[in-house]
Amino acid sequence: MNDGEVLQEAVRQRYAAAARAVSSGARDPSCCAPEDGIGAECYDSEALAELPAAAVAASIGCANPVAVAQLAPGEVVLDLGSGGGIDVLLSARRVGPTGKAYGLDMTDEMLELARANQAEAGVENVEFLKGTIEKIPLPDDSVDVIISNCVINLSGDKQQVFREAVRVLRPGGRFAVSDVVADPDMDEATRRDMQQWTGCIAGALTRDEFEQALTAAGLSDVEIRETHRVHPHATSAIVRARKPVR
């Protein structure tokens, strides 16, 4: 396998193990320390009360992207790296029966968990897809909003992720994700550590790198707002952008 495939397999194994842990009744830790305000800690109790316990337990993100996506009834939303489905199920409720929420994940164990959570929640306007965020299995111009929660930093080819996001977004569509942003002085030892990569830190872009990559992919109105520290060398951030109208 090449380096990208090795990384992807390491990520797959990490999150397959997380899904198995939740399915067995454990709550897998989020990608960063729980006391830093990530995972289920980022969601208000009223929203969590609407969801199956396993969806909440499987939350391994660094913020609440649904809260900043400004979803409207009738919209089509895509969650990149949807895991146990917490953000997909919340999004489906926001867009209502005339809208739809897709969840994309490459891990069979997470997809099985997410579909079980969907069935328990009784939410019909949801579809979970198997695939990678570097090759989204949806047609061009088919999505109004893309969300993601601490996933893009795990990709070994982030520029391809952003190109795919632009491809599937409709003109005027919105990109509204939560992710980890590295400090410019993150040390090389941290970046080389595969365990930390699969735990959301080592693969993170800096703020400038994130903005440049989004712009290069064809997105505009880029906004990056850092929210809280999740590591001595990284912060959680809300990242917004828009696909220009032709």
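A nonpolar core is a set of buried Ala, Val, Leu, Ile, Met, Phe, Trp, Tyr and Cys residues joined through side-chain atoms within 4.5 Å. Buried means under 20% relative accessible area, exposed over 50%, and partly exposed in between (1.4 Å probe, protein chains only). The model is predicted: local features need pLDDT of at least 70, side-chain atom pairs count only at pLDDT 80 or more, and totals for chains, interfaces and linings use all residues. Residues are numbered from 1 along each chain as its sequence is written, and side-chain values use heavy atoms, without hydrogens and water.

**View 1. The largest nonpolar core has 32 residues.** Leu78, Ile146, Phe162 and Phe175 touch the most other members. Elements giving two or more residues include strand S1 (76-80), helix H7 and strand S8 (234-242). Helices (H or I, at least four residues) and strands (E, at least two) are DSSP runs, numbered from the N terminus. H7 gives the most, with five residues.

**View 2. Ring pairs link Phe162, Phe175 and Phe210 into a cluster.** Rings of Phe, Tyr and Trp (its six-membered ring) pair if their centres lie within 6.5 Å; planes under 30 degrees apart count as stacked, over 60 as edge-to-face and the rest as tilted. The count comes to two aromatic pairs. Phe162 and Phe175 are edge-to-face, at 6.0 Å centre to centre and 80 degrees between the planes. Phe162 and Phe210 are tilted, at 5.6 Å and 40 degrees.

**View 3. Phe175 is buried, at 1% relative accessibility.** Its contacts (heavy atoms within 4.5 Å) include Ile146, Leu214 and Arg240, not counting residues up to four places away in sequence.
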